[in-house]
Structures are given as C-alpha cells and as structure tokens.
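Work through the exercises below with the sequence and the 3D view open. Each task is followed by a solution in steps.

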Amino acid sequence: MAVAPDTARSQEIRSDGVRLHVREWTGDDDAVLLIHGLASSSHIWDLVAPRLVRLGHHPVAYDQRGHGRSSKPSSGYGFERTTADAVAVIRATRLRRPLVVGHSWGANVALELAVRHPRLVSGAILLDGGFSSMRDRFDWRTAKRVLSPPAFGGIPVEAFLSGIPEHTGLARTPEIETVVLSLVRVDGHGRVHPRLARANHLKILHALWAQDTDVLLRRVRVPTLVLAARTRDVAPDQADFARAKADAARRVRAIGSPITFEWIEGIHDVPLQRPEAVARRIARFARDARTFAGGARRMEGRWHSSS
C-alpha cells in the first residue's frame, strides 16, 4: 500500500550555528527520533513514519548536517557535533525521552547519543549499523579507497532514476523516486549533483572508522536493540562482509542486558524495502523500553525507601 510521503510538517532549527531541516509527523506523545545514514536524508523514513503514526507514535526526522536541506558546513562531522545536533532536535521539538532510531551511520550517531545523554532518550534502535567496527576490516587508507562515494554528478536525472532497481534493489515507484531525489540537487540542465560534498563524506567516513562500537555498546545504560539486516542469498563478493557481520552479531549478543540483538530479513535500505516490518519492530521495542524504564524506576524507588 502506498503511503503519502508529504504529510510531515517541516521546520528549521539551529545547532551550533548550523541550520537543520526537521520534519515532524502529528501523532501521540510516544516520540520516536529517526536519524538517517551517510549520503541519505530524512526521506529514508517516508514510508516508516506514517506507519508509526498509525501505531500510536510521534515521529520526528531530520536531515543531518551536510545532507538534504540542512546546512553544509566544512567542519563538525565528528560524533561530538552530530550527537549535539540530535540533542538540539530533541530539545527544539520538545520531545520527551524519545526512542531514538538510527539507520546505518545514523545508528552510530544514535549509539553515541544513548551513551552520552542517557537521560534524554528512553532507548535506542541501531538499524543495520552501529554494532561493528570498521577498523576490524580496514586500515584507514583501505577504507578510504573502498568506501569513497561514487562519482555520479552531472548525469541526467532520468538516467539517475532509471538506475534505482540496479543500484538499490528496489522497484522504481513515485515514493522511492522522492527519496532518491532528496539525495541530490538537479541543476538547470536537468543533471544531478550529490547534496553531500565528497570532502564532508570522507570526514564522516573517517569518524566512523575511528569509532570503537564495542566499547560504546558496553557503556550503554538504556534499552538498546541492534536490528541487523540480512538476506538469505548472499552474493559471492559479499561473503566476507556477511561473515564479519555474523561475527559482530555474536559479540553483541554476548554483551547482554540492556543490549539485545535481532535480525530482520531485507537489504540494507530495509526502511524502504519493508517499512511495515520496520515500523512494527520499532513499536514493539518502544513498548519493551517503557516496561524496562518503569521497572527501573520502581527498583530505584524501593532502593531509596529502604536506605
């Protein structure tokens, strides 16, 4: 079923002088902060957010600095600043202890937010990101070479859109076209250019490479679900990556409470491929996080009354 992607109310907020484009869907008080990944935009949540509203949630998403319709400064792409941006969004939109959900690089930002500001969030979902260290697989020189962004600037918009099935594994629909077009600007000649500058892309990539997710996961004190995507048919050139992901899953499971790990069948862009399944996983975990928080408050009250 198609879901209209234009039902969000937009506003701009400031974070350390940077303008952030924020989109908010009308819903109940059960808030969810949605954070997109590298070279993506808040539109990655277009199909998930309306479903969250129907499930009783109040979703808010924003374009991270350098992305979408937000400002594109030449600095501030480390986790200290990107986490501060998330805090600024929470405060500006007056969200009360939202569940924070991050996809890909957004999951790494969500992890940092949960560790640095546990009283601001009720829990975190790390959707196919934030649970494995890039340094386990690459030195920085190799990471930069292998993971640098593709050069596609200047191609005609129709050629760009026609590549959706091949490059994403998704069907070309009006909703998916809206998401894909949010990643680029179209010039007066009908040619596309990435919104995220290559230099800023590499700064984010280096921050990801330097982040120690194993240490951070062990510091988490709020309920956190690592929700990793996997497909049954792994291409031969992805076999090593799939094994590394499975190894990371075993390490995460060994950490224990308040970290939990689950698989979800799908591609990396599972919010676009299976939005209903993603929304239902978010809603279910939000209920679990509230139960955890209520139990923790009761235990704290008992401790104070007996001391």
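**Exercise 1.** Classify Phe-152 and Phe-160 by accessibility, then describe their ring pair.

Step 1. Phe-152 has 24% relative accessibility, so this residue counts as partly exposed; buried means under 20% relative accessible area, exposed over 50%, and partly exposed in between (1.4 Å probe, protein chains only).
Step 2. Phe-160 is at 15%, therefore buried.
Step 3. The rings of Phe-152 and Phe-160 form a stacked aromatic pair, with 5.4 Å centre to centre and 25 degrees between the planes. Rings of Phe, Tyr and Trp (its six-membered ring) pair if their centres lie within 6.5 Å; planes under 30 degrees apart count as stacked, over 60 as edge-to-face and the rest as tilted.

The model is predicted: local features need pLDDT of at least 70, side-chain atom pairs count only at pLDDT 80 or more, and totals for chains, interfaces and linings use all residues. Residues are numbered from 1 along each chain as its sequence is written, and side-chain values use heavy atoms, with hydrogens and water left out.

**Exercise 2.** How many aromatic pairs does a search of the whole structure find, and which parts does the pair of Trp-140 and Trp-209 tie together?

Step 1. The search finds four aromatic pairs.
Step 2. Trp-140 and Trp-209 make a tilted pair, 6.1 Å centre to centre with 55 degrees between the planes.
Step 3. Trp-140 belongs to helix α4 (residues 140–147) and Trp-209 to helix α8 (residues 198–210), so the pair links parts 69 residues apart in sequence. Helices (H or I, at least four residues) and strands (E, at least two) are DSSP runs, numbered from the N terminus.
Step 4. Trp-140, at 23% relative accessibility, is partly exposed, whereas Trp-209, at 19%, is buried.
Step 5. The charged end of Arg-135 sits over the ring of Trp-209, 5.8 Å from its centre (NZ of Lys or CZ of Arg within 6 Å of the ring centre and within 35 degrees of the ring normal).

**Exercise 3.** Where is Asp-46 found, and is Asp-46 buried or exposed?

Step 1. Asp-46 is in the loop between β3 (30–35) and α1 (49–54).
Step 2. With 0% relative accessibility, Asp-46 counts as buried.
Step 3. The Asp-46 side chain has a polar contact of 3.0 Å with the side chain of Arg-23 and one of 2.7 Å with that of His-43. A polar contact is a pair of N or O atoms within 3.5 Å; within protein, one must be able to donate a hydrogen and the other to accept it, and residues adjacent in sequence count only if both atoms are side-chain atoms.
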